[in-house]
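Here's a quick, friendly tour for anyone meeting this structure for the first time. Have a look at the picture, then read on.

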Amino acid sequence: MVLQGLSDLDEHTASKYPGIGNYATCQSRAFVQGLLGMIVGGGVGAVATFAFQRYIPHFPARYNVFYVTGAAVLSGYIVTAQASRKCQRSLVQSQHDKIAADRQNLANLEMNGSDSLNKRNAIPLDSQRNASTADKVLAETDLPNWKPTKYGDVLG
């Protein structure tokens with residue numbers, strides 16, 4: 001699934017991955033921070049090369065573009081990587097919190113009555129086997145350009 005924007009996010013995916021909206025916002029902010037870091041790094045690199053030329057007369061001027069570009073790319077990468085790691089940690093933490101809450105809810109339900117829980121909410125194994133998969137969808141549609149992925153999705 002390619003997420004073109006947060007408006008394309010359906011309810012099932014949003015419930016499956018809590019915090020995905022915050023993650024997308026954080027990644028967008030990280031990208032902008034990296035872009036600004038690249039601009040600032042290029043400016044600092046340009047000022048540094050001009051200062052080296054002024055105070056060290058033997059500093060070769062023909063490589064200034066490479067120095068400035070290197071400083072810009074390196075600073076942009078460092079800023080983006082740090083901000084992106086922060087976003088990833090936030091998403092993993094929200095997933096961990098969801099799993100912990102689900103386990104706590106399951107433990108509470110089991111304590112309140114495991115027999116009634118198993119009878120009401122248990123999914124029979126036969127119905128799991130009869131669920132539609134990507135292979136069945138492909139067999140029904142007869143479209144040659146559709147391919148199943150290893151995760152069970154269908155790409156067309």
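Below are notes on one helix, one of its residues and a disulfide.

## Before you start

This is a predicted model, so local features need pLDDT of at least 70 and side-chain atom pairs count only at pLDDT 80 or more, while totals for chains, interfaces and linings use all residues. Residues are numbered from 1 along each chain as its sequence is written, and side-chain values use heavy atoms, with hydrogens and water left out.

## Helix α2

Let's begin with α2, which covers residues 20–55, 36 residues in total. Helices here are DSSP runs of H or I with at least four residues, numbered from the N terminus. From first C-alpha to last, α2 reaches 51 Å, close to the expected 52 Å; that expected span is 1.5 Å times one less than the number of residues.

Several α2 residues are buried, including Ala-30, Gly-34, Gly-37, Gly-41 and Gly-45. Buried means under 20% relative accessible area (1.4 Å probe, protein chains only).

## A look at Thr-49

Thr-49 also sits in α2, and counts as buried because its relative accessibility is 5%. Setting aside neighbours within four places in sequence, Thr-49 is in contact (heavy atoms within 4.5 Å) with Phe-59, Asn-64, Tyr-67 and Val-68.

## The disulfide

There's one disulfide, meaning a pair of cysteine sulfur atoms within 2.5 Å. It joins Cys-26 to Cys-87, with 1.9 Å from S to S. The pair links distant parts of the chain, 61 residues apart: Cys-26 is in α2 and Cys-87 in α3 (residues 64–121).

The torsion about the S-S bond of Cys-26 and Cys-87 is about -85°, so this disulfide is left-handed. Cys-26 is buried at 18% relative accessibility, and Cys-87 is buried at 2%.

Technical notes
Helix = DSSP H or I, 4+ residues; strand = E, 2+ residues; numbered from the N terminus. Buried < 20%, exposed > 50% of the residue type's maximum accessible area, 1.4 Å probe, protein only.
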